[in-house]
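These are my notebook entries on a single structure. I set down what I looked up, entry by entry.

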Amino acid sequence: MQNKGLVKLFAVLFGLVSIYQLSFTFKNNQIDEAAKSYAVNNYDNPEAISDAEVRYLDSISNQEAYDIGIASFTGKEVKEKSMNLGLDLKGGLNVILQISVRDILEGLANNSNDIAFNKALDNAEEIQKDAQESYLESFFEAWDAVKGDQKLASPDIFANRDLDDVVDISMSDADVKKVLEEKVDESIVSAFEVLRKRIDQFGVVSPNIQRLGNSGRVLVELPGVKDVKRATELITTTAQLQFWDVENGQALGDFFALANENLKTKLGLDEKEAATETQDSTATDSDSTIDNLLGETSTDSTATNQVNPLFDILGPPRTGGMLAVKLEDKATLQSYLEMPEVKSGLPAEARYTKFAFGLPELDAETGIEYVDLYALKGNRNDEPELSGGVVTDARQSYGQTNKPTVTMQMNAKGSKVWEEMTGRAAAQGTQIAIVLDDIVYSAPTASNGAISGGNTEISGNFTVTEAIDLANVLRAGKLPARAEIVQADQVGPSLGKEAIDSGTKSFLIALSLVLIWMILYYGKAGIFADLALLLNILLIFGVLSGLGAVLTLPGLAGIVLTIGMSVDANVLIFERIREELAKGKAQKEAVKDGFANALSSILDANITTGLTAIILFVFGTGPIKGFATTLLIGIMTSLFTAIFITRLLVDWYVNRGKSLDFSTSITKNLFKNNNINFIGKRKVAYVVSGILILVSLGSLFTNKLDQGIDFVGGRTYQVRFADAVSSEAVASDLTDVFGSVEVKTIGNDHQLKISTKYKVDENSVEVDEEVQTMLFNGLKSYLPSDFSYQDFSEGTDGIGKVLSSKVSPTIADDIKKESLLAVLGSLIVVFLYILFRFKRWQFSLGAVAAVFHDVIIVLGIFSLLYKFMPFSMEIDQAFIAAILTVIGYSLNDTVVVFDRIREVLAEKAGFKGGVNINSAINSTLSRTLNTSLTTLVVLIAMFVFGAESLRGLLFALIVGVVVGTYSSVFIATPLMYDTLKNKGIAPPKEDEDK
């Protein structure tokens, strides 16, 4: 092998980089354990423990937590660089939100009462039930059907005052549609940004939020979240943009001094013990301190060690507020300001003052985050003088000095109030706070006097990004669109911990079995393959960590499957080397030719599997995308380690003059000199397969499949009980509650999976809570007598709800169509690739027919057995992932056989009535069975020792590997042969009878 030095360099570099990346994961785990230990040792209440854990992690987020000698990293940086665990491994909440485009259109039309417009909105809702297009496209379709002589640019619809700068009555519907597409997209972006900011403020570690295409759907993942009710309310509440007058900071100086003294009394602090020097009166010290904070004086105050609960955490403002506080002290300050003893000190004219905080600001020198405190002029009704509904548009632009600014337009009503507010602010020298969801995003002054006409330019020390963010915030107030949860998965922390434990156990068992098998089968060469495999695993985890990918339970299954499949490349190479040695070649030459001859098969097999993984990645979401990600990474690292690292190790050993047999005494003559007439027996295989397909199709039409909520919609809950329960009794009780319910035993008699379509079309948080409450009431007789609803919903002590899922019918329909497209797309892509590689359509037909054969039989077995198996065999997204993987595996096997057939045909000139095909299949038999066996061992280990939730997916893969191995030999190749026009010379009759 040439360039060995370069390969060594890359191997060392990749290994070191992977270790470097994974070191952050190990360090982060240590930090998490330290936080957990601190919380448990200091608190007893579960809620207090959770809060203490978060506070501990916050306290070190900007402090050095990891030093590797040449660089150091803060706790926050360590967290960002560590591998993220998915919800199924960590617990938490995963939702897909549908931002209501209908609400946006109604807002743009100023809630028009136009009959045709509202009918089109209603009709669009109906179209959406069976459509893959966006709501806006459905609206356009519905409008064209009902509009008559009307236009969208009617004064009663979109040619209104708020849109007069972009829509006029002379515009055609096509022109207005372009404007609406832009406005709706802007509104969705604004709503998305509001969601992102809310989630950032929620305090969840490593949240993930992303927009899904142009559909108005947003994926939100909150790993480890404990207060699910609060989280769902947070992400579904419409945006509340408000404008408030800001109090003059100096007017509240006495208030803070008095509040500080009241807090001393309230908290029982003895300042006599704290004082070390003679001090002036308390009032003088407090006045001096607050003056310094507010910037009134530069005179040094008398040095003291006096304890000041308020002033000890307050500091000068950072971004325009009254005062500032460290982010970690924000909750403490907030609790102080809400105390009645503190509120009572507000001046009479400011008794309705409400306090709000700004956005966190990082001090670059200290690495500490601060937030500014603002005092807003409240009123008896706690309502702002101006709300966000008056904003008609907001844009990022540039001012006269070419610095980023934000321009804002208001309607006539808002313009009048805005003129009054800016006039007051200019006269009093105060600010106007722009508040969204109780957070002050900006507090500009009105230095140039009252602003009339509603057109305003907001300037400041903005970056372009900050200006864009503020424009999004302002736009969000105009169109407060609903965000409904159309798909949700909640995993309890106990289930997540079990998944990690079982996943780790099954992974180690599967890995050990493969390592042992390779040594037993290939001897010393097997050790080299094992070393390459271990490096492969290191690289997979290193790449996952480096990319910031999320490791899910299906992703872990993908890695385990990769272990089994990555052995395939080494098996191909070793079998080829054994063939070359059998021809009498010298060891060095045999190694060289073996690697060269195996390369084509390795590449073809991995490319076909990779193509199906790419399609799975494109169409999949959440955990399924994680499965595809690990599979793709595994394919690439497997190629590198098998082709280069194994070669490097083998060459190193052989070049030292040592003998390497690539077999043991047991396996030396195994599968040698096979002469099975596969082509001659193809009719028997056709009959067997025909029977299996007929039985499968019959069951599919009569027994059907157990479709999960991914495909039919509904709500599913996995509930655990302290004692064994009867699924029939529970189903009977819950039928009285919901009318229709399905109950299955999962794993053991202590765990049930309960599904219902009760109020399936309603997606509000209130309905979700109602259904869960009804479930709890229906199960009360099976739960401990003192078990509360909160205990049930949080899965306290591993009892109660440990997992829940919801899929709306619209999403279910989309998932079903996308799954079908994914399967068909993979078949088409693979057909074309095989056609390109083998130049004969017969090869493509044989491969695709074998895949259809495998898929139908897997579906048939699931249809026949789902009522009897003790694990879930639902058809869901995970099952589709399994089907696509089966397709990839089946093709992998088939391509290796085809590749050898092509090689034999080239060497021996023609098919010769199937003789050469038989020869090719016999020569690959050792590889076929060896790879299938190692893959099955891995899958069975995962099936037996792995998580309950993966058993359905793994069972499908196990069946698929068995059927795929069979079809590559007995279906794909014979069909290819039978469709040939020129089959060569027919074999003698006695050969046919062998």
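**Entry 1. Terms and model.** I call a residue exposed when its relative accessible area is over 50%, buried when it is under 20%, and partly exposed in between. I note that the model is predicted.

**Entry 2. A salt bridge between E580 and K583.** I applied the cut-offs to this pair. K583 has 56% relative accessibility, so I record K583 as exposed. E580 has a relative accessible area of 2%, and I therefore record E580 as buried. The two residues form a salt bridge, with 3.7 Å between the closest N and O atoms. I counted 33 salt bridges in the model.

Entry 3. I next looked up D651 and R647, which form a salt bridge whose closest N and O atoms are 3.0 Å apart. Both residues belong to helix α21 (residues 623–654), where they are 4 residues apart, about one turn of the helix. An α-helix has 3.6 residues a turn, so residues three or four places apart point the same way. With a relative accessible area of 8%, D651 is buried. R647 is buried as well, at 11%.

Entry 4. K753 and E874 form a salt bridge, and their closest N and O atoms are 3.2 Å apart. I find K753 in strand β23 (residues 751–756) and E874 in the loop between α28 (841–865) and α29, so this pair ties together parts that are 121 residues apart in sequence. I record both K753 and E874 as buried. The two also belong to a network of salt bridges that links D706, E742, K744, K753 and E874.

**Entry 5. Nonpolar cores.** Which residues have the most contacts inside the largest nonpolar core? I find F507, F574, F879, I887 and I901, in a core of 133 residues. Helix α29 (residues 877–908) supplies the largest share of this core, 17 residues. I then listed the contacts of I887, leaving aside its neighbours within four places in sequence: T612, V823, S826, L827, V851 and V855. Another core, of 48 residues, lies apart from the largest one, and L93, I99, A142 and L195 are among its members.

**Entry 6. Helix α7.** I checked the length of helix α7 (residues 135–146). Its 12 residues should span 16 Å at 1.5 Å a residue, and the end C-alpha atoms are 16 Å apart, which agrees. The buried residues of α7 are Y135, L136, S138, F139, F140, A142 and W143. Just after α7, I note that G148 takes a positive phi of about 65°.

**Entry 7. E106.** Is E106 buried or exposed? At 19% relative accessibility, E106 counts as buried, because the cut-off is under 20%. E106 lies in helix α5 (residues 101–108). Leaving aside neighbours within four places in sequence, I find E106 in contact with N111, F117 and L121. From E106 to V440 I record 28 Å in space, C-alpha to C-alpha, and 334 residues in sequence.

**Entry 8. A nonpolar patch on the surface.** I looked up L6, L9, F10, L13 and F14, which form a nonpolar patch on the surface with about 440 Å² of accessible area together. L13 is found in helix α1 (residues 4–42). L13 has a relative accessible area of 40%, so I record L13 as partly exposed.

How values were computed. Residues numbered from 1 in each chain as written. Predicted model: local features only at pLDDT ≥ 70, side-chain atom pairs only at ≥ 80, totals over all residues. Heavy atoms only, no water. Core = buried A, V, L, I, M, F, W, Y, C linked by side-chain atoms within 4.5 Å. Buried < 20%, exposed > 50% of the residue type's maximum accessible area, 1.4 Å probe, protein only. Helix = DSSP H or I, 4+ residues; strand = E, 2+ residues; numbered from the N terminus. Contact = heavy atoms within 4.5 Å. Expected span 1.5 Å × (residues − 1). Patch = residues over 30% accessible without salt bridge, like charges linked within 9 Å, V, L, I, M, F, W, Y side chains within 5 Å. Areas by Shrake-Rupley, 256 points an atom, 1.4 Å probe, with all protein chains shown as cover. Salt bridge = Lys/Arg side-chain N within 4 Å of Asp/Glu carboxyl O.
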